[in-house]
Amino acid sequence: FVLGIFAFSELKIGLVNPQKIVEKTKKGLVIKNKLEKLQNEKMQKAQTLQDAIKKLENDLRSPALNNDARQKKTIEMQEKQTALKRFVEDARKEFTLEYQKEMMALEKEIMPLIENLGKQKGLTLILDMTTSGIAYYDTAVDITDDVIKAVDAKFSK
């Protein structure tokens, strides 16, 4: 029991906030901008499809349409609605995959920097603040700002 307390007292813990790293580093901002651009492109295309559906809905309200033309427009509108649903699902999947790919690549690049900082500071353990369920911490153990500086220094070269 005494040895356990002694070993625990030697434990030096650091915390890092990955979300803050993405938001505050130049590399993270490049990724964020790339993802926002992809999202905006997908939203614009979805809006174009929605506009086409609205136009067809308005056309269908016209009393001048004969039954044949009304039926064709109804079928066309249903096809566009289906295309919109598929597009939204595909866009969501594509965005999620791109987000995961970018975050994994960033993590792979910054993990050696985090490990190096941990060694420099004599830390035994570094926890991810966003996933570890930490209710309280002393800000002195937060090394996020040091990681941000290291990431920017590495990728500014």
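**How the helices pack**

Helix α4 (residues 67-120) and helix α5 (residues 144-155) cross at roughly 125°, and their axes come within 10 Å. Axes here are lines fitted to C-alpha atoms, for helices over the stretch in contact, with angles running from 0 to 180 degrees between N-to-C directions. Helices are DSSP runs of H or I, at least four residues, numbered from the N terminus. This is a predicted model, in which local features need pLDDT of at least 70 and side-chain atom pairs count only at pLDDT 80 or more, while totals for chains, interfaces and linings use all residues. Residues are numbered from 1 along each chain as its sequence is written, and side-chain values use heavy atoms, leaving out hydrogens and water.

So α4 and α5 sit oblique to each other; angles under 35 degrees count as roughly parallel, over 145 as roughly antiparallel, 65 to 115 as roughly perpendicular, and the rest as oblique. Who touches whom? On the α4 side, E109, I110, L113, I114 and L117 meet D146, V147, A150, V151, K154 and F155 of α5, contact being heavy atoms within 4.5 Å.

F155 also has K27 over its ring face, 4.8 Å from the ring centre. That label needs NZ of Lys or CZ of Arg within 6 Å of the ring centre and within 35 degrees of the ring normal.

Helix α3 (residues 26-60) packs with α4 at about 175°, the axes 9 Å apart, so α3 and α4 are roughly antiparallel to each other.

Definitions and conventions
Helices (H or I, at least four residues) and strands (E, at least two) are DSSP runs, numbered from the N terminus.
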